[in-house]
Amino acid sequence: MAKKQFKAESKRLLDLMVNSIYTHKEIFLRELISNASDASDKLAYKALTDDSIQTKRSDLEIFVTVDQEHRMLTISDRGIGMDKEALEANLGTIARSGSLQFKQEMEEKRDTDIIGQFGVGFYAAFMVADHVSVLSRAYGSEEAWLWQSDGADGYTVTQAEKEAPGTDVILHIKPDSEDEQYSPFLDSHHLQELIKKYSDYIRYPIRMEVEESRMKEKPADAGDDWQPEWETVREVKTLNSMVPLWQRRKSEVTDEEYNAFYKEKFGDWEDPLSVVYMAAEGQVEYKALLYIPAKAPYDFYTRDYEKGLQLYSSGVLIMDKCADLLPDHFRFVRGVVDSADFSLNISREMLQHTRQLKLIAGALEKKIKAELLRLLQEDREKYEGFWAAFGSQLKYGVVADYGRHKDLLKDLLLFWSSKEEGLTTLAAYKDRMTEDQPFIYYACGESAQRIRQLPQVERITEKGYEILCCTEDVDDFVMKALGDLDGKPFKSVSDEDALPQSEEEKKAAEEKAEAGKGVLEAVKAALGDRVKDVRASAILRSAAVCLSTDGYVTLEMEKYMRKFEKDSPMKAERVLELNPDSPVFAALQGAVDAGDTEKVEKYAKLLYGQALLLADLPLEDVAEYSRLICELMA
Ligand code: ADP
């Protein structure tokens, strides 16, 4: 029979796995048992809504069988099973995003060590087996199919016989070699230990025939000279306690157990940053186990990422990603919620409207915030790690829904401070404010360093005021959404009124503007539609020009919108500001007085180009700008 080839990706992964170091190989058992458990879950869930299914939850068990003589290890379940198509689709390729991510990570780090920490799925079988057969019968079908493979060179699928629905995964365990021993995977004691270690909380009984030495019972008629006698009995035992981790008391669970569960369940290979456990009583009773990941998954900031928590009702999984349990701003949280208050056969649509769900979601939101605040206060370094991964998400949260969540989120925000040369909270900024400081200042730009060089910044730092450096697109919107902090308004350093002027200052500025009117009008005429206005600047110190805006839309907003839509109609109304005290202004004045329109035009275009560059905006006509500079030098 012709062998089918694995997809190229799968082949690479297979190679990586087969060659991983020994101590990690044992996780194959956890992976196969977890698949058996998922298949049982699927059937149990189907039975809830389909009366024709006779199988009860209590019928479902996972069986492990050892045949030492033939070096065979079999993991059987009575779950949903697979038909021919499912076998090919599921076991012939690695389409799962988790595996792909794993592969990328592995190639980057070139570290086969991480394999043991990661859910690599069915393929893990090839770490210990040189031949794998999967005999499966889909629930509701009479046909059974046998999938077989020796590893990287492909697989076959043939028709077969199987008495009951479900799946048997049959491994032919590799022979022992000088460096590696595989026989322990055929030793029932060792297998028992592994099951206890990795699969204890699996909610179906994992059963295996084990051999045990036991002391014989003392016969009733035994005399005084009776000696204890040992016998070897073989019996089928349930090896796991079946108590899910979140049902155990917090004091009984170690950090390692919480972390291992997280990595296995959510396919991460790094420990989470934080674990939050809740056992709530009262209006709704539930248990929740929440995790804050250390890093953003590769697809986190894309549409592909799906938020949500696993929802269980008394230990039965009813929804894998219940989105309503998590607000968008905390969508990075992973975890499990279990509440007996949900009826098992509740439909997805109904779930969205239940009161219990809303109550739980509200409590979780508070708890997550409290945990983040705790990190911020007690473990700043960790929090800054969190911020690097998920800070943008919190900022989007501030802006979303017309700022509805800003009060919840504002204490969690960090910004780069011009004074601290590091990240600061808004509260800490406020504490450092001097009494005369009228506003909380912020400036937008590519980087903190670029911001420091902005012409508009000079007059604020001169006063000794601290500036929040906003380097993300969304920041300007965040500041606008926040509005103020306990009555202190946020203010962009580019706003003309960022520093209140005294009456004399105002008057002096007006006089200067009046005196330079000829220049301003000439420059405006030269630039035409490119700018809305040309003004004598009140915000510049040593610099000659800068670009500012009129109206609500700022340059940052315009840049942000252009990212999504090249021809976005959201355009800032540009204002070219000239410093009336600068030598450049004097030069312009000279040209205007001499009636040299050509020169005025050239200077105007050059200054406008400079203003664009300073604002990190592209030049509108690069060739012209370059030509003008050359002419100036010649
Ligand atoms: P994962 O379980 O993470 O999806 P695997 O590589 O372990 O990845 O398995 C791939 C798919 O094969 C599963 O999603 C499931 O659909 C199917 N599968 C694996 N084992 C079983 C089983 N024992 N019963 C039914 N389906 C299974």
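Okay, let's start with Met242, which sits in the loop between β8 (230–238) and α6 (255–266). Its phi is near 65 degrees, a positive value in a residue other than glycine. Most residues other than glycine have a negative phi. Helices and strands here are DSSP runs numbered from the N terminus, helices being H or I with at least four residues and strands E with at least two.

A word on the ground rules. This is a predicted model, where local features need pLDDT of at least 70 and side-chain atom pairs count only at pLDDT 80 or more, while totals for chains, interfaces and linings use all residues. Residues are numbered from 1 along each chain as its sequence is written, and side-chain values use heavy atoms, with hydrogens and water left out.

Back to phi. Arg71 is not a glycine either, and has a positive phi of about 55 degrees. You'll find Arg71 in the loop between β1 (62–67) and β2 (72–77).

Now, helix packing. Two packed helices are described by the angle between their axes and the distance between the axes. The axes are lines fitted to C-alpha atoms, for helices over the stretch in contact, and angles run from 0 to 180 degrees between N-to-C directions.

How do α8 and α9 cross? The axes of α8 (residues 355–378) and α9 come within 6 Å, at roughly 125 degrees. That makes α8 oblique to α9; on this scale, under 35 degrees is roughly parallel, over 145 roughly antiparallel, 65 to 115 roughly perpendicular and the rest oblique. On the α8 side the contact uses Leu372, Leu375, Leu376 and Glu378, and on the α9 side Arg380, Lys382, Tyr383 and Phe386. Contact means heavy atoms within 4.5 Å. By class that contact has five nonpolar, no polar and three charged residues. For the classes, Ala, Val, Leu, Ile, Met, Phe, Trp, Tyr, Cys and Pro are nonpolar, Asp, Glu, Lys and Arg are charged, and the others, Gly among them, are polar.

Helix α9 (residues 380–403) also meets α14 (residues 475–482), with axes coming within 9 Å and crossing at roughly 50 degrees. So α9 and α14 are oblique to each other. From α9 we have Lys395, Val398 and Val399, touching Asp475, Phe477, Val478, Ala481 and Leu482 of α14. That contact has six nonpolar, no polar and two charged residues.

Next pair: α16 (residues 517–527) and α18 (residues 583–593) have axes that come within 9 Å and cross at roughly 80 degrees. They are therefore roughly perpendicular to each other. Here Gly518, Val519, Leu520, Ala522 and Val523 of α16 meet Phe585, Leu588, Gln589 and Val592 of α18.

A cavity is a set of points, on a 1 Å grid over the protein atoms alone, where a 1.4 Å probe fits but cannot get out, and lining residues have an atom within 4 Å of a point. The largest cavity has a volume of about 80 Å³, volume being the space filled by probe spheres set on the points, with grid points joined across faces, edges and corners. Its lining includes Arg530, Tyr608, Glu620 and Leu628. Helices α19 (597–614) and α20 (622–633) are the elements giving two or more residues to that lining, and α19 has the largest share, four residues. By class, the lining has five nonpolar, one polar and five charged residues.

Technical notes: 1 Å grid on protein atoms, 1.4 Å probe; cavity = no way out; pocket = protein on both sides within 12 Å on 5 of 7 lines; lining within 4 Å.
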